[in-house]
Amino acid sequence: MNFTLHIWRQKNGDIKGDFVTYQIDNIDEDTSFLEMLDQLNEQLIAKDQDCIVFDYDCREGICGACSLVINGYPHGDKKATTTCQLYMRDYKHQTELWVEPWRAESFPVIKDLTVDRTSFDNIIQSGGYVSVHTGSAPEANALLVDKHSADEAFNSATCIGCGPVLLYVQMHQQPCLLPLKLHTYRYCHKVRLKSKIVHKKCLIKWKLKALVVVQIIDIVNVYVLKEFRFLILPR
Amino acid sequence: MGTGLAGASLCATLGEAGYQVSSFCFQDSPRRAHSIAAQGGINATKNYQNDGDSVWRLFYDTIKGGDFRARESNVYRLAELSGNIIDQAVAQGVPFAREYSGYLANRSFGGTQVSRTFYARGQTGQQLLLGAYQAHSRQLENEHVSHQSRAEMLELIMVEDKARGVVVRDLVSGEISAHTADCVILCTGGYSNAFYLSTNAKGCNTSATWRAYKQGAYFANPSFTQIHPTCVPPTGENQSKLTLMSESLRNDGRIWAPKNIEDCEKNPADIKEEDRDYFLERMYPAFANLVPRDVASRAVKHICDQGHGVGSKIHGQRLGVYLDFSAIIEKLGLEAVAEKYGNLFDMYSSITGEDPYQTPMKIYPAPHYTMGGLWVDYNLMTTIEGLFAGGEANFSDHGANRLGASALMQGLADGYFILPKTVANYLANSNLVDVDDTHPQVTQSLKTVKDRIHQLMNAPTPKHSPEYFHQKLGKVLWEACGMSREVDRLNQAIGEIAELESQFWQNIKVTGVDQDLNQTLERAGRVADFIELGKLMCQDALMREESCGAHARVEYLSESGEAKRDDDDFSFVGAWEYKPEQPMLRKEQLNYEFIEPTVRNYK
């Protein structure tokens, strides 16, 4: 398979970037999207050129490090997947690909396709945890959680924190394919109070344009995330 | 250094106790650490199933699983702490699987006959890491911990023979900075990526532990590396990594290969039941598909080497066997199976383009976990005073083979419960001189790092990328020091790696500049360390003239492929001390006071 790639190159956050066009040929259909970029980088090294920088780590769809907007879609147009889980067979009907970084004010570009997602860590640090000291926990089975709630909590907890929610909210004003489910809240106490603190702090301190508003339902003394709403707030 | 399960939980606990901690990780957030990828579960001796589990039994299973090459005292402590970890995680809100009654659910997991594994579908590592990450975040908010992401340790600062800080490269700006401290703790994971293709994240590396080794910390059992039996087979030569399919799949999936070589190309649905060889069930009737990882991996390799492998051919050989779920789907129904393994099936189908609900999965072993690591004492302190190692970075608990669902357990036991106590004890009993950034040792360490980067950026005849050297190293290691090892091949590999090392420093090509985000430079530094480690792995495998656990020397295997241990001569931890010419072997004799080493038999 042969592709013409238009890849966003940007030296750093202060310098304007642009698309640069590359040609890559003889790509096997079982090659992953990131492996295709690896091969392109190898070609750039051979030509003494600076490699294209992009984030990745586990390459099995769980760590949330990889990003990329491909032909206008975060993580490509395949539903509920990550960029590292895209394979070139998914693009067998295309010959031209446009690859860009996440574009959101809260994710400034660091270089090329890499963005700074510290905003996520800041949200968690502002109260996205359960306040329990190591060693002070009661016997695990003393806290019963009915299966339904446990499953719901799990569903809310699988977010991999990769980022397109803000992208989608900003770009299309609608929820994204991989909604940011604030896994931090799972079934914890006093979550309502915490969520308010988070929102206020985020707005002021990190100038987040879009925020996730969470509705919480009380089940016995265990709180579980039930529903997610996306709210656009003016900056 | 490192904020995976062990590192993040340690920072949280030390922070709660009031210590001032600086943490670093190379990823863009602590939540990305590769602990996140652990799928199957975490063991604990809660005995909720009343199936006879106990601290003693987990202790025994772990020692036996490690083929009697682990230290009894450390493992017993691990078994004792296992229950506390579950309590801690549940209090944090980790959504473990539950029964309809609301109680926690358990399952049985590779290498044990009791159900002691707690799990969160196939994402247990993710859920536990997020718990630890949030506890870490809480201390960041409380300002007991400060953290820097995208930062890599490139040198250990030693003052008066004690570990007193680290030199770190800011991966975004390229800035090199020194960070002094009263002690240093490495929770930087394992080194499976030495093999190039492994189930580890691409960024996983040995650089921090290797810097420590070169400063005097002993490296223990470097050849004890685990090859995991259930991974998606490689499909081509440009593959960058291999993906693990959780071992939990072996609970309900049956492993088979075609009995007749001519069936290997056929669609599995066209192969009759009587022509299928359920080889693990045939070879190990007592444990069948649940035999420990090393036993299963060798059996799969054996079957494929005999020509019964399936899947696409690489270098003339088919590397794969079937993992079949049709029986369990028939028994429990599609929905129940999907609930248990849904995300793993989805993952498999996205990688291979095949539907495991319809067609059996194909699996093949891949490097996955390293039991070896920095040698530590009972307090998890290395041979350098003030330098500790936790999680996969140390060698302490798994002997020559790790059992399923015990890596998460060990990482969290080290981080939440052991290191916070032993580090506090060390600090309370040490007389430390004041060290600041102007100390001559700090200046010297900074210079060492800068010189090394200069060398990487300016090779005499730059020709090949870091990836080129890494792939070469991986190939040598996989063939010589992978699932089976043999004296001539190991000797040859040591020579090949030495040659590769000199080529590396002559021909390494790093484009771009060092004062910038430069992933090629990062990779080059890591590959340089992997090359040196690879040589030590082969030397260790050569020294150990026996087979034990994951270390299979073909000269010391029984006819049926079982490891033949030599307790008289090799019941020791092989800890290597760095010397500029040749590493020196130091032996820690293993004294079994409570368990009598027996032949590990899973038949």
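Helices (H or I, at least four residues) and strands (E, at least two) are DSSP runs, numbered from the N terminus. With these terms, the elements of chain A run from the N terminus as β-β-α-β-β-β-β-β-α-α-α-α-β-β, which comes to five helices and nine strands. The model is a predicted one: local features need pLDDT of at least 70 and side-chain atom pairs count only at pLDDT 80 or more, whereas totals for chains, interfaces and linings use all residues. Residues are numbered from 1 along each chain as its sequence is written, chains are lettered from A and ligands numbered from 1 in the order in which they are written, and side-chain values use heavy atoms, with hydrogens and water left out.

**The two chains**

Chain B has 16 helices and 20 strands. Its radius of gyration is 23 Å, close to the 25 Å that the globule rule gives for 603 residues, so chain B is as compact as a globular protein of that length. The radius is taken over C-alpha atoms, and the rule is 2.2 Å times the number of residues to the power 0.38. Along the principal axes, the C-alpha atoms of chain B fill a box of roughly 75 × 60 × 50 Å.

The table sets out burial, contacts and surface for each chain. Buried means under 20% relative accessible area, exposed over 50%, and partly exposed in between (1.4 Å probe, protein chains only). Contact means heavy atoms within 4.5 Å. Accessible areas come from the Shrake-Rupley method with a 1.4 Å probe; for residues, only the protein chains shown count as cover.

| Property | Chain and value |
|---|---|
| Buried residues | Chain A: 57% of 235 residues |
| Buried residues | Chain B: 67% of 603 residues |
| Contacts joining residues at least 24 apart, among those at least 6 apart in sequence | Chain A: 61% |
| Contacts joining residues at least 24 apart, among those at least 6 apart in sequence | Chain B: 73% |
| Accessible surface, with the share of carbon and sulfur atoms | Chain A: about 10,100 Å², 52% |
| Accessible surface, with the share of carbon and sulfur atoms | Chain B: about 20,400 Å², 47% |

Chain B carries 59 positive and 76 negative side chains, and the centres of the two sets lie 2 Å apart. In this count Lys and Arg are positive and Asp and Glu negative, while His and the chain ends are not counted. The place of a charge is taken as NZ of Lys, CZ of Arg, CG of Asp or CD of Glu.

**A sheet in chain A**

Strands of a sheet pair through backbone hydrogen bonds, either parallel or antiparallel. Two strands are said to pair here if DSSP finds at least two bridges between them. In chain A, five strands form an open sheet of mixed pairing, in the order β2-β1-β5-β3-β4. At its edges stand β2 (18–24) and β4 (73–74) of chain A, each with a single partner strand, so one side of each is left without a neighbour in the sheet. Within this sheet, β3 (residues 69–70) and β5 (residues 96–100) of chain A pair in the antiparallel sense over two bridges. There A:Ile70 stands opposite A:Val99 in β5(A).

**A sheet in chain B**

Four strands of chain B form an open, antiparallel sheet in the order β17-β9-β19-β20. The edge strands are β17 (373–374) and β20 (584–589) of chain B; each has a single partner strand, so one side of each is left without a neighbour in the sheet. Two bridges join β9 (residues 219–220) to β19 (residues 572–577) of chain B, and these strands run antiparallel. B:Phe219 stands opposite B:Trp576 in β19(B).

On to the next pair: β19(B) and β20(B) run antiparallel and are joined by six bridges. They form a hairpin with six residues between them, and B:Ala575 stands opposite B:Arg586 in β20(B).

Seven of the eight residues of helix α5 (residues 207–214) of chain B are buried, so the helix is largely enclosed by the rest of the structure. Among them are B:Trp210, B:Arg211 and B:Tyr213. After α5(B) comes B:Gly216, whose phi is positive, near 125°.

Positive phi also occurs in residues other than glycine. B:Asn221, with phi near 45°, lies in the loop between β9 and β10 (225–231) of chain B. At 2% relative accessibility, B:Asn221 counts as buried. B:Glu160 has phi near 50° and is placed in the loop between β5 (151–159) and β6 (162–170) of chain B. B:Glu160 counts as exposed, at 57% relative accessibility.
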